[in-house]
Amino acid sequence: MSKQVHTATSIKQSIQEENVRFLRLMFTDIMGTIKNVEVPVSQVDKVLQNKMMFDGSSIEGFVRIEESDMYLYPDLNSWLVFPWESEHGKVARLICDIYNPDGTPFAGDPRGNLKRVLQQMQEMGFSAFNLGPEPEFFLFQLAQNGEVTTELNDHGGYFDFAPTDLGENCRRDIVLELERLGFEVEASHHEVAPGQHEIDFKYADAIEACDNIQTFKLVVKTIARQHGLHATFMPKPVFGISGSGMHCNLSLFKEGQNAFYDETTKDGLSQTAYHFLAGLLEHAAAYTAICNPTVNSYKRLMPGFEAPVYIAWSSRNRSPLVRVPASRGISTRLEVRSVDPSANPYLAIATLLQAGLDGIFHQMTPPAPVDRNIYVMNAKERSKMNIFDLPATLNSALRALASDRVIIDALGSHIYANFVSAKQMEWAAFRQSVSQWERDQYLELF
């Protein structure tokens with residue numbers, strides 16, 4: 001999204017020019033769910049003076065009822081007027097950070113937590129951390145009563161087009177809407193699985209990119225509804241086909257220069273890039289709990305469906321966890337392929353950044369690249385090359401997280417405790433459930 005600088009004055013002017021009647025104050029809870037407090041435009045002065053209060057005890061993982069008062073501090077540069085207009089006028093949004101009544105940042109705010117990790121990055125001498133996300137999603141048909149069905153909207157494949165790809169018109173309208181909102185869309189296409197789509201937009205600094213991901217999800221779901229479709233970012237909604245990922249292209253900058261690029265080396269990668277890469281591999285098992293945070297996430301991380309399941313890297317093939325795309329210069333980057341779109345982007349990027357910074361701080365050295373297809377290697381071959389498995393379940397990922405102090409510190413004690421508590425309950429509920437697969441396998445046999 002094109003970066004704009006807004007002030008209280010310019011926002012008030014925009015309200016008048018765009019016929020804005022309501023302000024949507026948006027933030028993200030620990031689970032990655034977008035929340036908002038909507039107020040009439042008459043409250044604009046209160047909003048801009050950071051005096052808008054809400055009940056934090058009602059939000060997952062925030063605070064207890066006896067300490068519920070929280071304040072919304074809007075990021076003025078996140079000002080955005082939604083182009084869809086009702087009979088009552090337009091709605092505009094401001095993305096907010098959460099603060100305590102004493103004026104200190106709230107430790108349970110994922111966006112504020114990412115800012116904290118970015119501050120640590122700056123203290124190490126780096127100026128910026130850029131993220132280029134590639135979120136994928138599925139489109140399902142809606143029933144006449146508006147309920148979501150399990151019927152896919154097409155049977156297309158990778159880069160297919162109409163009439164096979166019946167979601168093309170919806171996807172095109174999503175792109176047009178994103179462009180109206182200031183996104184620089186680089187590509188959109190049908191993905192590998194039926195009903196699956198991808199829209200790529202230009203990289204941005206970490207905070208803005210995470211804001212863009214949340215806005216992107218909102219727009220995709222809104223436009224899909226207008227086409228009689230339901231858009232889902234569930235990682236694996238359909239058995240037997242590929243799931244949805246959110247590959248994250250990462251680059252670190254220092255004094256305006258890409259710190260991952262070194263024109264004097266044979267492959268164009270700097271020692272900083274290699275150290276960062278080593279950190280990503282070292283802490284991969286632990287940050288998987290954050291980057292793949294649902295029981296369903298691990299139905300995607302299975303061999304045979306293009307999602308990475310092994311901790312390795314390569315500059316060529318796409319089976320390892322981390323890939324180094326061929327672009328160099330300012331576009332030099334590392335692509336982490338395991339992340340899925342159910343992840344809270346602020347937490348996922350905080351953990352990825354912390355992992356990489358730890359690699360730089362300790363000058364870690366990554367193992368040799370793996371240029372073979374890991375999916376066809378047997379266990380002995382993988383062991384010989386020091387290729388380890390990613391966690392296979394949410395429970396095993398949570399155990400890995402519990403033993404990694406670096407990734408715990410990337411979350412902070414408040415977010416870590418509340419995240420783990422919620423995910424342990426999710427795992428317990430999943431273990432207690434009885435699936436249709438189990439009934440099909442065992443009901444008559446036993």
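Student: Where does Asn50 lie?

Tutor: Asn50 is found in the loop between helix H2 (44–48) and strand S3 (52–55), and please keep in mind throughout that this is a predicted model. Its phi is near 60 degrees, which is a positive value in a residue other than glycine.

Student: OK, and how accessible is Asn50?

Tutor: Asn50 has a relative accessible area of 26%, so it counts as partly exposed.

Student: What about Gln363, where is that one?

Tutor: Gln363 sits in the loop between helix H9 (345–361) and helix H10 (379–384), and although it is not a glycine, it has a positive phi of about 50 degrees.

Student: Is Gln363 buried or exposed?

Tutor: Gln363 counts as exposed, because its relative accessibility is 57% and the cut-off for that class is over 50%.

Student: Switching to charges, how many salt bridges does the structure hold?

Tutor: There are 14 salt bridges in the structure. One of them joins Arg111 to Asp97, with the closest N and O atoms 2.9 Å apart, and this pair links distant parts of the chain, since Arg111 belongs to helix H3 (residues 110–123) and Asp97 to strand S6 (residues 89–99), 14 residues apart.

Student: Are Arg111 and Asp97 buried or exposed?

Tutor: Arg111 and Asp97 are both buried. They also belong to a network of salt bridges that links Asp75, Asp97, Arg111, Lys115 and Asp211.

Student: And which residue does Lys202 meet in a salt bridge?

Tutor: Lys202 meets Glu184, at 3.9 Å from N to O. Lys202 is in the loop between strand S10 (196–201) and strand S11 (204–205), while Glu184 is in the loop between helix H4 (168–180) and strand S9 (185–190), so that this pair, too, links distant parts of the chain, 18 residues apart. Lys202 is partly exposed at a relative accessible area of 31%, and Glu184 is partly exposed at 44%.

Student: How far apart are Glu426 and Lys423 in the helix?

Tutor: Glu426 and Lys423 are three residues apart, about one turn of helix H12 (residues 405–432), in which they both lie. They form a salt bridge whose closest N and O atoms are 2.8 Å apart. Glu426 counts as partly exposed at 26% relative accessibility, whereas Lys423, with a relative accessible area of 6%, is buried.

Student: New topic: how many aromatic pairs are there?

Tutor: A search of the whole structure finds 15 aromatic pairs. In one of them, the ring centres of Phe216 and Phe233 are 6.1 Å apart and the planes stand at 65 degrees, so the pair is edge-to-face. Phe216 lies in helix H5 (residues 206–226) and Phe233 in the loop between strand S12 (229–232) and strand S13 (246–254), so the pair ties together parts that are 17 residues apart in sequence.

Student: What else is there around Phe233?

Tutor: The charged end of Lys217 sits over the ring of Phe233, 5.8 Å from its centre. Phe216 and Phe233 are both buried, and together with Phe137, Phe183 and Phe201 they form one aromatic cluster.

Student: Which residues touch the most other members of the largest nonpolar core?

Tutor: That core has 100 residues, and those touching the most other members are Phe129, Leu250, Leu252, Phe276, Tyr287, Ile349 and Leu352. Apart from that core lies another one, of 21 residues, including Ile15, Phe27, Ala92 and Leu94.

Student: What is Leu252 in contact with?

Tutor: Leaving aside neighbours within four places in sequence, the contacts of Leu252 include Phe126, Phe129, Asn258, Phe276 and Ile360.

Student: Asn258 is polar by name, so where does it lie?

Tutor: Asn258 lies in strand S14 (residues 257–258), and it counts as buried because its relative accessibility is 8%. A polar atom of the Asn258 side chain lies 2.9 Å from the backbone oxygen of Ile330. Beyond its neighbours within four places in sequence, Asn258 has contacts that include Ser251, Phe253, Gly329 and Thr332.

Key
Residues are numbered from 1 along each chain as its sequence is written. This is a predicted model: local features need pLDDT of at least 70, side-chain atom pairs count only at pLDDT 80 or more; totals for chains, interfaces and linings use all residues. Side-chain values use heavy atoms; hydrogens and water are left out. Helices (H or I, at least four residues) and strands (E, at least two) are DSSP runs, numbered from the N terminus. Buried means under 20% relative accessible area, exposed over 50%, partly exposed in between (1.4 Å probe, protein chains only). A polar contact is a pair of N or O atoms within 3.5 Å; within protein, one must be able to donate a hydrogen and the other to accept it, and residues adjacent in sequence count only if both atoms are side-chain atoms. Contact means heavy atoms within 4.5 Å. Rings of Phe, Tyr and Trp (its six-membered ring) pair if their centres lie within 6.5 Å; planes under 30 degrees apart count as stacked, over 60 as edge-to-face and the rest as tilted. A charge sits over a ring if NZ of Lys or CZ of Arg is within 6 Å of the ring centre and within 35 degrees of the ring normal. A salt bridge is a side-chain nitrogen of Lys or Arg within 4 Å of a carboxyl oxygen of Asp or Glu. A nonpolar core is a set of buried Ala, Val, Leu, Ile, Met, Phe, Trp, Tyr and Cys residues joined through side-chain atoms within 4.5 Å.
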